[in-house]
Structure formats: C-alpha cells, structure tokens
Amino acid sequence: MSARKHTALPKARTLIEALPWLTRHHGKTVVIKFGGNAMIDEELKRAFAQDVVFLRHAGLRPVVVHGGGPQISAQLDLLGLESEFKGGLRVTTPEAMNVVRMVLAGQVQRELVGLLNEHGPFAVGMTGEDAHLMTATKHYADIDGERVDIGRVGEITAIDTGAVQALLDDGRIPVISSIARSSDTEDEEHTASGASGVFNVNADTAAAALAAALGAETLMVLTDVEGLYEDWPNSDEVISRLTATQLEKLLPDLASGMVPKMQGCLHAVRNGVHTARVIDGRVQHSILLEIFTDEGIGTMVVPDTNAHTNEGES
C-alpha cells in the first residue's frame, strides 16, 4: 500500500465515525459556554473558534455564551478596584459593573467575534441587554443561611430568544456576553451610578437558561477540569454519564467552582435540553471530540427519562 493511502485511510475512518453524529445533530442548536483556560490561552482560543465554525459548516446551529472572570479581575486591578467574591460570586459594585460591561462586551466578546470571523462572516456579538434577550432581578448570595447583598449581580427572570433565533436562521453564530437588563422599573441604584439598569450574570447560569429557552439539543460547558470527578481528591476517575437525579444528589458535596456549572447542566436537562456536558477546555478541539466521536470526553448529564438510552442516542 502506498504511503499516501496509509495517511488517507485513518482520516477517512475519522470522518465516517462522525457520520452518525452529523446526521443526529444536523439542524440542532448547541449552546456552548466559553470559559476557563480556553479563554486565555491563544492556541486554545483559535482551536475553539475553529470548532465552532466547523459545527456551523456541519449543519449545527452553535450559540456561544461567555463570561470573563480573569479579564475583569485584571481590569479592576488596573483601575485600583478590589475584586471580592462572596458565595462564589463576584461582588459587583456600580463602579465594578461598568468595568464588567466594558470588558465583556468591548474586549472578550470582540476578540471572540474576530477569531470566528477569520473563517467567514458568521459571528455577531450581543449582550443580554440587546433586544431584551435576558432580563434579571437582583440576586442575593446565601452564605451560611444568611441573605447577603453582593451588588449588581442578577438572577435571570425572563429570556426573549427572538434576536438569537433570527441570527441562527440567517446562518450566523451569536456570541453573547452574560449581562442582563434589569426588570426593576424602580431600580434607583443604577440611576445614580451610571450602571444603566444592568446586572452581571454568572455565565454558566446564563448559558443554561438560554439553552433551555432555545430548546437546544445540547449545552456544553468548557471548564478547566476533565469533567465531574467520582471521588475527588481520592481519585481522578471522571463520571462519564449521569442522570439529573444522580447529579442532584451529588450537588451539595461539589467544589464551589463546579456548583454553578453542574446546577446549569441540571437546569438545562430538566427544562427540555437533551444533554448537558462539562468538558475539558484545556484539550484542543474538545468540542469536536465530545460531539463527533464514539468515546466522547468529559461528563454528560441526561434527563431521568433518558436514563436507559445509549450514549449515542442522546
């Protein structure tokens, strides 16, 4: 066999392995929460953009939701403003809210839109403020049973998917910053601060709420671990698949950083999303490995009603 055939055959096998998944996911909406190391490392950022454009060309309808914790902290430091967290959430003063908005919509989103659009006129950036996409009320942290004010942090109360649906129908890739408009008409705090009636929303929570509202096939959350560990730190065995009820039982014992991610997955599968997956964003092309290969990587959460289906059918 010639050397050329040797190199070509494995490529053909890889493409054929993807065929059932391409068929299954064609025309389906996939919401991807972009975060962690994938957001900082230049090579991982480019690989992420390639993956998302590949999904679009493969006939899927990808939607990207992003936060920007490290970038926000860096900008606050530059301005001499303190980064403080309570109950795993950033305490967001009106001054900090202006920075959050500027960094997410003006820096992180623009860079991601630029990377995606190196491959064609696909990405359109928006925030939860645009076209009333996300509406929120003030969220209070619960710390040891006590209600704590953490500033302009929001809890999503409504989602209007009209603008996102229109972009998807037009073949575009929406890139959404996790900022929401305030539903409080008497929101006095913003009038004095210039924070313009907006809230900082946890990006994991925002992605999950959007996936449910869009009736997405899949929610994918990029993180800096391989998935949900079975018995961390005693073992690095990753749980590859679990049901909503199994996940709910595990939630109280999870590390604080994983809680919003896994709560988001739980919310998604309990509200119509077929599968929710936490995958390792430190692995190049992890999105394609998860969606288009037999093995998959990371942890997949399925609704209880899907408990007996095969992984390939979910």
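Which residues line the second largest cavity? The legends below begin with that view. The model is predicted, so that local features need pLDDT of at least 70 and side-chain atom pairs count only at pLDDT 80 or more, while totals for chains, interfaces and linings use all residues. Residues are numbered from 1 along each chain as its sequence is written, and side-chain values use heavy atoms, with hydrogens and water left out.

**View 1. Lining of the second largest cavity.** The lining consists of A38, L44, A47, F48, D51, L222, G281, V283, Q284, H285, S286 and I287. A cavity is a set of points, on a 1 Å grid over the protein atoms alone, where a 1.4 Å probe fits but cannot get out; lining residues have an atom within 4 Å of a point. At least two lining residues come from each of α2 (42-57) and α10 (286-292), and α2 gives the most, with 4 residues. Helices are DSSP runs (H or I, at least four residues), numbered from the N terminus. By class, the lining has 7 nonpolar, 4 polar and 1 charged residues. Ala, Val, Leu, Ile, Met, Phe, Trp, Tyr, Cys and Pro count as nonpolar, Asp, Glu, Lys and Arg as charged, and the others, Gly among them, as polar.

**View 2. Packing of α2 and α4.** The axes of α2 and α4 are 9 Å apart, at an angle of about 60°. Axes are lines fitted to C-alpha atoms, for helices over the stretch in contact, and angles run from 0 to 180 degrees between N-to-C directions. The two helices α2 and α4 are therefore oblique to each other; angles under 35 degrees count as roughly parallel, over 145 as roughly antiparallel, 65 to 115 as roughly perpendicular and the rest as oblique. In α2, E42, K45, R46, F48, A49, V52 and V53 meet E111, L112, L115 and L116 of α4, where contact means heavy atoms within 4.5 Å. This contact comprises 7 nonpolar, no polar and 4 charged residues.

**View 3. Contact of α7 with α9.** Helix α7 (residues 203-214) and helix α9 (residues 259-269) have axes that come within 8 Å and cross at roughly 10°. Hence α7 and α9 are roughly parallel to each other. D204, A208, A209 and A212 of α7 meet P260, K261, G264, H267 and A268 of α9.

Conventions: On a 1 Å grid over the protein atoms alone, a cavity is a set of points where a 1.4 Å probe fits but cannot get out, and a pocket is an open set with protein on both sides within 12 Å along at least five of seven lines; lining residues have an atom within 4 Å of a point.
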